[in-house]
Amino acid sequence: MIMESKEYFNEVAAQWDSMREGFFSESIREKAYDIAKVEKAKLAADIGAGTGFVTEGLLHRGLSVIAVDSSNEMLEQMKKKYNGSNMIDYRQGKSEKLPIDSDTVDYAMANMYLHHVLDPFVAIKEMVRILKIGGKLVITDLDEHNFEFLRTEHHDRWMGFKRENVNKWFTEAGLKSVIVDCAGGNCSSISNRGCVKANISIFVAYGEK
Ligand SMILES: C[S@@+](CC[C@H](N)C(=O)[O-])C[C@H]1O[C@@H](n2cnc3c(N)ncnc32)[C@H](O)[C@@H]1O
């Protein structure tokens with residue numbers, strides 16, 4: 001039987017930090033913070049937070065974070081890591097209905113999340129919903145690729161995205177000043193079953209509500 005994405009992420013949660021280090025570097029989240037010009041003491045949502053890769057840098061910059069993920073195990077790993085931090089609010093929830101009130105956060109950020117959701121446009125509209133007016137959405141994810149093993153081995157739903165589609169979704173979701181550009185890094189992964197190696201460029205998508 002094919003494992004559901006949630007089961008997969010529950011299973012790999014304890015190893016996610018070391019897996020993630022092999023896939024992409026911290027420069028990706030730095031690009032996200034820079035493009036949004038994040039300011040301390042603001043409230044950010046880290047959507048598809050995993051074990052807190054994006055959250056970590058936001059905390060260092062003095063923001064509070066609502067971390068949302070569908071995988072309880074991922075959130076448990078994150079709680080162990082940031083034991084006792086009163087700057088993080090952990091919420092289990094899904095892309096179609098984020099467990100955050102409308103118009104409440106200054107930034108919504110999602111790294112390597114969009115290619116896992118059922119409907120990327122619905123997921124984007126949900127992230128726009130939770131932003132305050134003037135709030136900023138930043139998504140970092142994979143450009144379109146043809147590495148099928150990422151679907152079978154890593155439970156990716158989408159083989160990356162065309163930047164023009166992401167730009168269109170951001171605009172149609174009501175965002176202004178939309179930019180979709182190179183994030184300045186790649187995602188690397190080697191197939192378990194042989195010698196196929198993926199090296200996929202990463203985009204950063206930005207827009208303001
Ligand atoms: C590839 S991981 C990225 C984690 C983290 N953002 C990072 O950069 O290390 C994708 C995360 O999105 C979560 N996820 C996948 N589909 C989701 C959905 N439909 N709703 C909420 N979270 C989801 C997974 O549980 C997983 O933690």
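## The ligand and its contacts

Keep in mind that this is a predicted model. In it, a backbone N or O atom of S95 sits 3.1 Å from a nitrogen atom of the ligand. The backbone of G48 does something along those lines too, with an N or O atom 2.8 Å from a ligand nitrogen. D69 uses its side chain instead: one of its polar atoms is 2.6 Å from an oxygen atom of the ligand. Taken on its own, the ligand has 600 Å² of accessible area, and the protein covers 97% of that.

## The pocket and its shell

As for where the ligand goes, the space it takes is the largest pocket. There are 19 residues around the ligand, and the ones that come nearest are W16, G48, D69, S95 and N111.

## Nonpolar cores

In soluble globular proteins, nonpolar side chains tend to be buried together. Here the largest nonpolar core counts 34 residues. Within that core, F24, V38, L58, M109, V138 and I202 have the most contacts.

Technical notes: Residues are numbered from 1 along each chain as its sequence is written. This is a predicted model: local features need pLDDT of at least 70, side-chain atom pairs count only at pLDDT 80 or more; totals for chains, interfaces and linings use all residues. Side-chain values use heavy atoms; hydrogens and water are left out. A residue is near a molecule or strand if one of its heavy atoms lies within 4 Å of it. A polar contact is a pair of N or O atoms within 3.5 Å; within protein, one must be able to donate a hydrogen and the other to accept it, and residues adjacent in sequence count only if both atoms are side-chain atoms. Accessible areas come from the Shrake-Rupley method with a 1.4 Å probe; for residues, only the protein chains shown count as cover. On a 1 Å grid over the protein atoms alone, a cavity is a set of points where a 1.4 Å probe fits but cannot get out, and a pocket is an open set with protein on both sides within 12 Å along at least five of seven lines; lining residues have an atom within 4 Å of a point. A molecule sits in a cavity or pocket if more than half of its atoms lie within 2 Å of its grid points. A nonpolar core is a set of buried Ala, Val, Leu, Ile, Met, Phe, Trp, Tyr and Cys residues joined through side-chain atoms within 4.5 Å. Buried means under 20% relative accessible area, exposed over 50%, partly exposed in between (1.4 Å probe, protein chains only).
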